[in-house]
Amino acid sequence: MSQKDLHADVHPRTAILTRGFDPKLSVGSARPAVFRSSTYVFATPEEAERAFAITTGKIKVENGERAELIYSRFSHPNAEILEDQIVPLEPGATHAAVFNSGMSAIMTAFFAFARQGSSIVYTTPLYGGTTGLIHKFLEPLGVTGVPVAPGDSSGLEKAIREARDPSIVYIETPANPTLTMIDIERAAGAAAAHPARPVVMVDNTFLGPTFQHPLVWGANVCLYSATKYLSGYSDMLGGVAITNSAPVIQKIRGARGMFGTILQPDECWILDGRLSTVALRMNRQSKNAQRIAEALDGNRAFERVIYPTLFTDPEQKRIFEKQCAYPGALFSLVFKGGKDAAFDFLRRIRIARNAVSLGGVETLVCHPKTTTHSGMSAAELAESGVTDGLVRISVGIEDWRDLLADFEQALD
Ligand SMILES: *Cc1c(COP(=O)(O)O)cnc(C)c1O
């Protein structure tokens, strides 16, 4: 019986610990060995021939069958183990590919599917690097970017319907840092109805893999910066693409082999040790964030506290309730006193740290307008709701009472 058959009938949290890794292949070691070899020995020349034919896409394979190992830019044992272990985290998924950063996962997926003369329809604001990738690389190569305003699910549907030869529909939900949500199912429905059959990709870094499952709503590819919640300790970079389609993963892995964007063996080993705790960490982080955001809501220092359980817009509430299991560990504070008040707060916090990035076990706070979003134009900032007074908080696993006390003393 293959590994896959053996673990098909257990729950995801069990499968993460049992699927994908066969101790016999690591001399009985309970944890995988790290295979650092750059090249692999073939049993026969025919095997070498077939491995190359699969890797270069000359032979189409069934069920995402992997080629025998050739050379570690294409794949290596630690990537294969990690990819098999990641699949159960995403309901509906059958295959994964791992990358050396979130941006390399996004870039590789874009180049696997974007065609010259096609268009890419995307929600705004996207992660800064993703926006840069579209403007600086895809557009000059003849791929037209079609931006859609934050939270406008019907506008996205319309943009997809009317797009000229769309190759990709790219969604980031919730948006950073305003947590504005997009209805993935509606977008996927419009994409499936378009004759060009664009690939629907969702950057699921903010609420996945625990609280939001894009493949269930019809997306084709779910992308992650594993640097954030998946790895969880702010100590490595990584990226993941997860899909329910064998041809899609074969195309993405083919592009990865050409670009050399695969995650290295040591990093794969680190990340697969973190997978079994991602749900535990995210649940604790989300509970902490909810308690703190709801306690701060109504404080006179703020124009608004932005957090899914505090949404007032009925459409945003509807999407949150339909699409997300829990509200997650990010919230934003919009200070009435603008940038001065925001900076005073950042200067006074003691437990939380002033840093960009998110998803780690430690609480991080940043001022998006002057840092992560400083590349945006005034018009884009205004449309996206990134104001002078906005501070974004990524809540960790500390005791929430200490964090709340820290924020309250910083407000005094
Ligand atoms: C961090 C981040 C990325 C980029 O990931 P890297 O691992 O830094 O390359 C992409 N999308 C989102 C939403 C992110 O937060």
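Q: Which residues surround the ligand, and which of them are the closest?
A: A residue counts as near a molecule if one of its heavy atoms lies within 4 Å of it, and in this predicted model 14 residues surround the ligand, the closest being M103, D203, S225, T227 and K228. Residues are numbered from 1 along each chain as its sequence is written, and side-chain values use heavy atoms, with hydrogens and water left out. Because the model is predicted, local features need pLDDT of at least 70 and side-chain atom pairs count only at pLDDT 80 or more, whereas totals for chains, interfaces and linings use all residues.

Q: Which atoms of M103, at what distance, face an oxygen atom of the ligand?
A: A backbone N or O atom of M103 lies 2.8 Å from an oxygen atom of the ligand. The side chain of D203 places an N or O atom 2.6 Å from a nitrogen atom of the ligand, while an N or O atom in the side chain of S225 is 2.8 Å from an oxygen atom of the ligand. Taken alone, the ligand exposes 380 Å², of which the protein buries 92% (accessible areas come from the Shrake-Rupley method with a 1.4 Å probe).

Q: Why does the second largest pocket lie between domain 1 and domain 2?
A: Domain 1 (3–277) and domain 2 (278–411), with bounds from an automatic or database domain assignment, both give residues to its lining, so the second largest pocket lies between them.

Q: Which helix gives the most to the lining of the second largest pocket?
A: Helices are DSSP runs (H or I, at least four residues) numbered from the N terminus, and helix 5 (residues 102–113) gives the most, with 3 residues.

How values were computed:
Helices (H or I, at least four residues) and strands (E, at least two) are DSSP runs, numbered from the N terminus. A polar contact is a pair of N or O atoms within 3.5 Å; within protein, one must be able to donate a hydrogen and the other to accept it, and residues adjacent in sequence count only if both atoms are side-chain atoms.
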